[in-house]
Structures are given as structure tokens and as C-alpha cells.
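Student: I have not seen this structure before. Could we go through it by question and answer?

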Amino acid sequence: MKHYIYTFLLAILTLSSCSLNSDSNSDSNLPEIIAVEWHLTNVFGGISGVDNNFELNEIVWEFDEEYGSLTITNTNENDTIEDGFDSGIYSFSVTNQDLNQFLFINDTEFGNLIIDNSENEMVIDQNITMNGEAADGYIYTFERVIIYEE
């Protein structure tokens, strides 16, 4: 008997969690998100102890989860400053291990991926790897910028 009650409650919860207004996102007053960009704002660490700040729009990463591609636009012309990758399109994937997520770019582990949605921030920490901890990696900090349809 309990099995039927649990099934009934599960069905009710499932149905009640569905939106009755399927057009809630199609309201013409609500702008549609057309892109989510991650702007590199700081690179910290490494053997030499760098601490490089970047302006918004200087280095932009766009992840396309559907195709597993990462488009990087890097307008920094100073080759002596650590800024990650040059402009281009790269493949990416994310692997979960224990409580960590690791970002792979072109099938090479790049670092531990931490996304804080409440702060619109993404951090990639190369000091935390799938094989343990390191001491001389870089920490890349990004700010999320959402592009809306005009």
C-alpha cells in the first residue's frame, strides 16, 4: 500500500512542478540570452608569482557545450604576460573526480574548474590536478558577461 502512496505523491509532485504557462520565456518584454562570455580578469601564481589584471573584453572565452568547443578571443599583444591561450577555437571537456571538476582543453588537463554563479565568477586553479596538488600553477579568474538580444 505504501508503494502506491509514494507513486501517487511522486506523480503529483512531478505534475505540480511543471509550469502551467509554457510561454513564460517567450514574453516579448523579456530579453533573450544570446551568448555567455567569460572575461579573463586576473592570472595569479606560477613560479615567478605573477599577478596580471586584464580589462573586460581583452580576453574572452565562449564555451559551446553542444559541440564541445571553446572560442577564445585574446587581444593582449604583450607576449611576456601570462594570459592563457591565443585566439582560436579549441576543444574542451569537463571531467568530474570526487568533488572537483577538471577542465580539459584539447585533451590536456588545464585545471580545477570552480564556477560561482552568485558572484558571476569562474576560477581555474592549476594547483589542483587530478593527480594531486601542485604549487607552481596559475589561477585564472574570469567574470561572466551575459549578452542579451537587443
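Student: By class, how many nonpolar, polar and charged residues does the lining of the largest pocket have?

Tutor: The model is a predicted one. Among the residues that line the largest pocket are Trp38, Phe92 and Leu113, and Gln101 and Glu65 also belong to the lining. By class, the lining comes to nine nonpolar, one polar and one charged residues.

Student: Where does Asp83 lie, and is Asp83 buried or exposed?

Tutor: Asp83 sits in the loop between strand E4 (69-74) and strand E5. Of the 150 residues of the protein, 29% count as buried. Asp83 is itself classed as buried.

Student: What is the nearest side chain of opposite charge to Asp83, and how far away is it?

Tutor: A salt bridge needs a side-chain nitrogen of Lys or Arg within 4 Å of a carboxyl oxygen of Asp or Glu. Asp83 has no salt bridge. The nearest side chain of opposite charge is Arg144, 22 Å away.

Student: With which side chain does the side chain of Asp83 make a polar contact?

Tutor: Asp83 is buried and has no salt bridge. Its side chain does make a polar contact, at 2.8 Å, with the side chain of Asn76.

Definitions and conventions. Residues are numbered from 1 along each chain as its sequence is written. This is a predicted model: local features need pLDDT of at least 70, side-chain atom pairs count only at pLDDT 80 or more; totals for chains, interfaces and linings use all residues. Side-chain values use heavy atoms; hydrogens and water are left out. On a 1 Å grid over the protein atoms alone, a cavity is a set of points where a 1.4 Å probe fits but cannot get out, and a pocket is an open set with protein on both sides within 12 Å along at least five of seven lines; lining residues have an atom within 4 Å of a point. Ala, Val, Leu, Ile, Met, Phe, Trp, Tyr, Cys and Pro count as nonpolar, Asp, Glu, Lys and Arg as charged, and the others, Gly among them, as polar. Helices (H or I, at least four residues) and strands (E, at least two) are DSSP runs, numbered from the N terminus. Buried means under 20% relative accessible area, exposed over 50%, partly exposed in between (1.4 Å probe, protein chains only). Lys and Arg count as positive and Asp and Glu as negative; His and the chain ends are not counted. A polar contact is a pair of N or O atoms within 3.5 Å; within protein, one must be able to donate a hydrogen and the other to accept it, and residues adjacent in sequence count only if both atoms are side-chain atoms.
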